[in-house]
Amino acid sequence: MKPFANEPILELRRAPVRAQLAGALEAFDAEPVIQIPVWVGDDTRTGGALVSTDPGEPDRVVAEAAIASDADVDHALDLAARSDWARRPAAARAEVLVAAAQWLRERRLEIAALEVRETAKPWREADADVCEAIDFLEYYARGAIALEERPAGDAELIQLPGERNELRWRPRGIVAVISPWNFPVAIPLGMVAAGLATGNAVVLKPAEQAPACAFAVVRALRESGLPPSALALLPGEGPVGAALVGDPRVHTIAFTGSGPVGLEIVRRAAETAPGQRHLKRVVAEMGGKNCVIVDSDADLDDVVPALVKSAFNYAGQKCSAAARVLAHEAIHDGLVERLAGAIEVLHVGQASDPEIDVPPVIEREAQERVARYAGIAESQGRIAGRAAEVPDRGWFATPTLAADLPADSPVLQEEIFGPLLAVERVRSIEAACDRVDASPFGLTGGLFSRSPQTVVYVTERSPVGNLYVNREITGAMVGRQPFGGNRLSGTGTKAGGPGYLLQFVEPRVVTENTVRHGLVV
Ligand SMILES: NC(=O)c1ccc[n+]([C@@H]2O[C@H](COP(=O)([O-])OP(=O)(O)OC[C@H]3O[C@@H](n4cnc5c(N)ncnc54)[C@H](O)[C@@H]3O)[C@@H](O)[C@H]2O)c1
C-alpha cells in the first residue's frame, strides 16, 4: 500500500468546482425522499417514524428512517456475535476499507450535497467531512496491518535463549458505535472503520438528526465487500443507543457526543450483567468549552479572522469550536471592538450558498438554546456585537459576541454549541492559564503570542487534548493532528492517531519454552 496521505479538499474558489457542486445539489433535490432502513444482515425494514429535515428549510424532508426496535437490537447483536469477520487477516479487512474509501471518492459531491441538506453543513465543511471519512478508512486500514505485522511496534519483546515470547492483538468483540450529527459521515465512519479494521463486528446507532448520512456510511462499506454480518445499521434516538450500552453482548462502546450522555454511558457500561464474562470498554469523545488565549503582543490582524473562523464556521457546532477568548487587558478593548465589527458583517444564510459564512444550527432546540444563553449574556454582562442580518425562516441563530461576564456565568462555564463567543479580560497569561485550568473540560485550546517563552509556558500548562498556536483551533487532520479531549471532554484517546486502534483490541502474550525434551510428531 502507498503511504497514507490526506485526501485533497476541493478548490471551492474555482467557478467550475462550484458549478459541479450546484449540479450535485440539483441532482440530489430531484431524487425522492431517501428511505433509511433498519439494516441487519440482509434484512431491511423501512418506516417513517424518524423524519430528517433540512435545518435551513425545515419543511423540506430529506429522509425518513425506521426506528430500531428491541427485537432489531437483539437481531443485530446476535448476528454480530456469529460474524466470521475476525477470522480474515488484517490485509483482507483493509482491502474492504480501502474499497469503501474509493466508493466515497467516486460519490464525494453527492455525499457532500446530502450533508448540505441534512445537516446544513456549508460546502467547504461538507467536502472536508467526506475527505476526513476517506482519511479514516485509509489510515485505519494501514494501522491494522501494522498492528498485525509488528504487534509490539518499536518496543520488540525481549527474547531469551530457550524462550519465545509473542504478542498478538485480537479483536475485543462487538463494537457499538453511537455517533453525533455534526460530522455526519466522518465521525460515524471513523469509529466504525476502527472497529472493523481491527476485526470486530460493529453495530452503528447514528444520530437521529442525520440518518441518511449514516446510511451512506453503511452503504460505502457493504457495497465494497463487507460481509453483512459485520455491520448493522440501527437508526433511532437515545433509547436505541441505551439498549446497546446495556447489552452484555457488547464489548466496546465507541461514543462521540455530549458530556451528559457520555457520562451516563460510562456509568452504565461499568455494570456487569449476570453471565457477562468481560468488562466493557468505553471510548468516549465528548463536549468542551474551548478557550483561546490572546497575549498582549499578538497581531490582531491574524487573531480576528482566526477567531471568527474558529467560533462561527458551521455556526459554532464543531466540538473544537472556540467558545471563550481570554484576552490580555492591554489588547482586550481593541480586540472586542474589532471582533464585533467582523461579526456584524458575517453573512448568515443557507448552507447551499457558497458565499455564506454562517449556516443555520441543526434544529429548533439548538436555536432556542443559543438564544437562551445570549439572553443570559445580555443580563449578566453585555452583548458587544451581533450579526446584522439573519434569515427568519429556518433554524438560524444570531452570531453573537458577549463581554464583561462574571467568571461564574453559565455562558463561560457551559457548552453552548452554537454561534456565541465570549471574551474575558485577563491581567496576565498566568491568570489566563489559571482560568483554563479551572475548567472541567479539556478538548481544544488556542494561543496567540509572538513570544516563544509564552508558547512554551502555555503549552506546559494546557490540559487540553489539542492546543493550536497562532492559528484557528478547528480543522484537525487525520494523521497530522490526532484528535480528542482530556478531562470531562473524553477518555483521552485520539481519533486519527497512532494509538486509536488499540482501544478496539486486546493483547494476548504467548510464552513458549522452546527447549524440547523429545518432539512428538
Ligand atoms: N470530542 C469530540 O471529538 C466530539 C466530536 C463531535 C461532537 N462532540 C460533541 O457532541 C455533542 C453534539 O452531538 P449530539 O447533539 O449528537 O450529542 P448527543 O449526546 O445528544 O447524542 C450523541 C448520540 O448519543 C445518542 N444518545 C442519546 N442519549 C443516549 C443514551 N442515553 N444512551 C446511549 N446513546 C444515547 C444520540 O441518539 C446520538 O446518537 C456536543 O457536545 C459536541 O461537543 C464531540
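Select A120 to start. A120 is buried, because its relative accessible area is 1%. Buried means under 20% relative accessible area, exposed means over 50%, and partly exposed lies in between (1.4 Å probe, protein chains only).

Before moving on, note that this is a predicted model, with residues numbered from 1 along each chain as its sequence is written. Local features need pLDDT of at least 70, side-chain atom pairs count only at pLDDT 80 or more, totals for chains, interfaces and linings use all residues, and side-chain values use heavy atoms, with hydrogens and water left out.

**Stop 1: around A120**

Stay on A120. Its place is the loop between α4 and α5. Helices (H or I, at least four residues) and strands (E, at least two) are DSSP runs, numbered from the N terminus. A120 is not a glycine, yet its phi is positive, about 55°. Most residues other than glycine have a negative phi.

Now select residues 108-119, which form helix α4. At 1.5 Å a residue, its 12 residues should span 16 Å, and the end C-alpha atoms are 16 Å apart, which agrees. The expected span is 1.5 Å times one less than the number of residues. How many of the residues of α4 are buried? The count is 10 of 12, so α4 is mostly covered. Among them are R108, I111, L114 and T119.

**Stop 2**

Select residues 123-149 for helix α5. Its 27 residues should span 39 Å at 1.5 Å a residue, and its end C-alpha atoms are 39 Å apart, which agrees. This helix is mostly covered too: 20 of its 27 residues are buried.

Show the aromatic side chains. The structure holds 8 aromatic pairs. Rings of Phe, Tyr and Trp (its six-membered ring) pair if their centres lie within 6.5 Å; planes under 30 degrees apart count as stacked, over 60 as edge-to-face and the rest as tilted.

Pick F136 and Y140. Their rings are stacked, 5.5 Å centre to centre with 15° between the planes. Why are F136 and Y140 separated by about one helical turn? They are 4 residues apart in helix α5. An α-helix has 3.6 residues a turn, so residues three or four places apart point the same way. F136 and Y140 are buried.

**Stop 3: charges over rings**

Select R107 and W103. The charged end of R107 sits over the ring of W103, 4.1 Å from its centre. Next, take K121 and F183. K121 lies over the face of F183, at 3.8 Å from the ring centre. A charge sits over a ring if NZ of Lys or CZ of Arg is within 6 Å of the ring centre and within 35 degrees of the ring normal.

**Stop 4: the ligand**

Centre on the ligand. Which residues come nearest? Of the 28 residues around the ligand, they are K205, E208, S258, M286 and E415. A residue is near a molecule if one of its heavy atoms lies within 4 Å of it.

Zoom in on S258. One of its polar side-chain atoms lies 2.6 Å from an oxygen atom of the ligand. E415 also has a polar side-chain atom 2.6 Å from a ligand oxygen. For G257, a backbone N or O atom lies 3.3 Å from an oxygen atom of the ligand.

**Stop 5: two loop residues**

Jump to S83, in the loop between α2 (70-81) and α3 (90-106). Is S83 buried or exposed? Its relative accessibility is 16%, so S83 counts as buried. Leaving aside neighbours within four places in sequence, S83 is in contact (heavy atoms within 4.5 Å) with A201, S229 and A230.

Now select R249, in the loop between α8 (238-246) and β10 (252-256). At 27% relative accessibility, R249 counts as partly exposed. R249 and A81 are 168 residues apart in sequence, and 7.6 Å apart in space, C-alpha to C-alpha. The side chains of R249 and D74 make a polar contact at 2.8 Å. A polar contact is a pair of N or O atoms within 3.5 Å; within protein, one must be able to donate a hydrogen and the other to accept it, and residues adjacent in sequence count only if both atoms are side-chain atoms.
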